[in-house]
Amino acid sequence: MKTKNHFAPLLLLLVTVCYHTNVQAQFSRANVKVAYDEVSSSEQTKKNFTYKNLRLYPIRASKTFLKQSKNIGKYTPLKEALKSKKVVITEQSAPSNTANNRRRNVRRRNVRNRNTTTTTTQVRQRNNPQQIQQRQISYNRVQQRRGGGGSASVNNLFIENKSKDTLYLMAGEIVQGGKQDRVIAKDMVIPPNSGKINLSVFCVEKGRWRYTKSKNRDNFDGYYGVSSLALRKVVDTKQKQGEVWKEVDRSNGKNRVKSGTSAYTQQKKNMKFKGEYVQYHNFFKNKFKDKGDVIGVIVATGNKVVGCDMFASPQLFQTQYQNLLGSYINEAITDGAPVKVKETQVEKFMADLLDKELKNEKELKKRGKVFKSNGRKLHISKY
């Protein structure tokens, strides 16, 4: 005769509670420490983590955190996936309204019929580069308000993972190609052999709405990197196309970047910007190599802390660090100043994040974001 195990439901409940408690305690004062001793203990250690307008403070995880992080799995970053052709990103055709399309076509024919006589002056005006750009910008804005056009959608792309890997995309990553360059709007985990999935994006090249001469015109084959902290903040907290364009214009203007299509990606083609970028990158690129307990960094420039990124495991941080480094460098070049930040400022920034904002995620959304997958916090950003 079988007897009921009255303790089984209680045991299951206890295990579930313990699991969720551990997940919630993942990012806490007990599990996460800023390595002040490595950065601020002397002028020499400060120099080890400081170059011109940029200082990075490593965030280290406790043994408990590291033990918990072992089961989160591996994620392939977008840059690697694009390079190895494991992922395909294409323009997304927007749903067309047949009746509306017919009416628009009739209006276009009527306009053409009324304007059969065109003067040389009118032809020159139509072909003026500034007027062409303005027409493209106006058209782009109309497409954005409508959610796209008959052939593509400004704020939506398709992404397809054709590999057996699990991919991880970050908000702020910029892909190049298609009808205009885009910045990814949200962190995402893309499962293996995913089929076509909607990818939310914002435009960072408002003066172009046409394909280039490349062979795979519809594809986004180019990976630019991660946008500056300032642009990432707009993407994460404001989620508005107009605000993204404003920040792109501001950043390009400050870096004296000239672009016929107002492309954010032109910054790395500017010789002065590119020269400074390479110097910063060479200094910081191997700074945390083989550091098995670093899960993120705090970013400082001038007399303030401008941001931080933390990940669910050291492995995830290592796969994303080189891409994120470009974001920090851009911030230092565009809006930075020689570092004079005080340790107390860094402490307050981190204390507010761990003690207040992570306990009230609505508050954190005003200054950053928490990305979760399967109930676990994978990536935390604060600006």
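When I say buried today, I mean under 20% relative accessible area, with exposed being over 50% and partly exposed in between, using a 1.4 Å probe and protein chains only. Helices (H or I, at least four residues) and strands (E, at least two) are DSSP runs, numbered from the N terminus.

Hello everyone. What we have is a predicted model, where local features need pLDDT of at least 70 and side-chain atom pairs count only at pLDDT 80 or more, while totals for chains, interfaces and linings use all residues. Residues are numbered from 1 along each chain as its sequence is written, and side-chain values use heavy atoms, with hydrogens and water left out.

First, the overview. The protein has 14 helices and 16 strands, and 48% of its 383 residues count as buried. A contact here means heavy atoms within 4.5 Å. Among contacts with a separation of 6 or more, 74% are between residues 24 or more positions apart.

Now to helix α9. Which residues of α9 are buried? They are Leu229, Ala230, Leu231, Arg232, Val234, Val235 and Asp236. That makes 7 of the 10 residues, so α9 is largely enclosed by the rest of the structure.

Ser228 counts as buried, at 2% relative accessibility. Leaving aside residues up to four places away in sequence, Ser228 touches Tyr264, Ser327, Asn330 and Glu331.

On a 1 Å grid over the protein atoms alone, a pocket is an open set of points with protein on both sides within 12 Å along at least five of seven lines, the probe is 1.4 Å, and lining residues have an atom within 4 Å of a point. The second largest pocket has a volume of about 280 Å³, the volume being the space filled by probe spheres set on the points, which are joined across faces, edges and corners. Its lining has 14 residues, and Ala230, Lys233, Val306, Glu331 and Tyr383 lie nearest the centre. Which elements supply at least two residues each? Those are α9 (229–238), β14 (304–311) and α12 (314–335), and α9 gives the largest share, with 6 residues. By class, the lining of this pocket holds 6 nonpolar, 2 polar and 6 charged residues. Here Ala, Val, Leu, Ile, Met, Phe, Trp, Tyr, Cys and Pro count as nonpolar, Asp, Glu, Lys and Arg as charged, and the others, Gly among them, as polar.

On to the strands, where two of them pair if DSSP finds at least two bridges between them. Strand β11 (residues 195–203) pairs with β6 (residues 156–161) in the antiparallel sense over 6 bridges, and Glu160 has Lys196 in β11 as its bridge partner. Strand β9 (residues 182–184) also runs antiparallel to β11, joined by 3 bridges, with Ile184 opposite Val201.

There is also an open sheet of 3 strands, in the order β4-β7-β10, with mixed pairing. β4 (76–77) and β10 (188–190) are at the edges with a single partner strand each, so one side of each has no neighbour in the sheet. β4 runs parallel to β7 (residues 167–169) over 2 bridges, and Thr76 stands opposite Leu167.

Last, the cysteines. Cys203 is buried at 0% relative accessibility, and Cys308 is buried at 0% too. How many disulfides are there? The count is 0, taking a disulfide as a pair of cysteine sulfur atoms within 2.5 Å.
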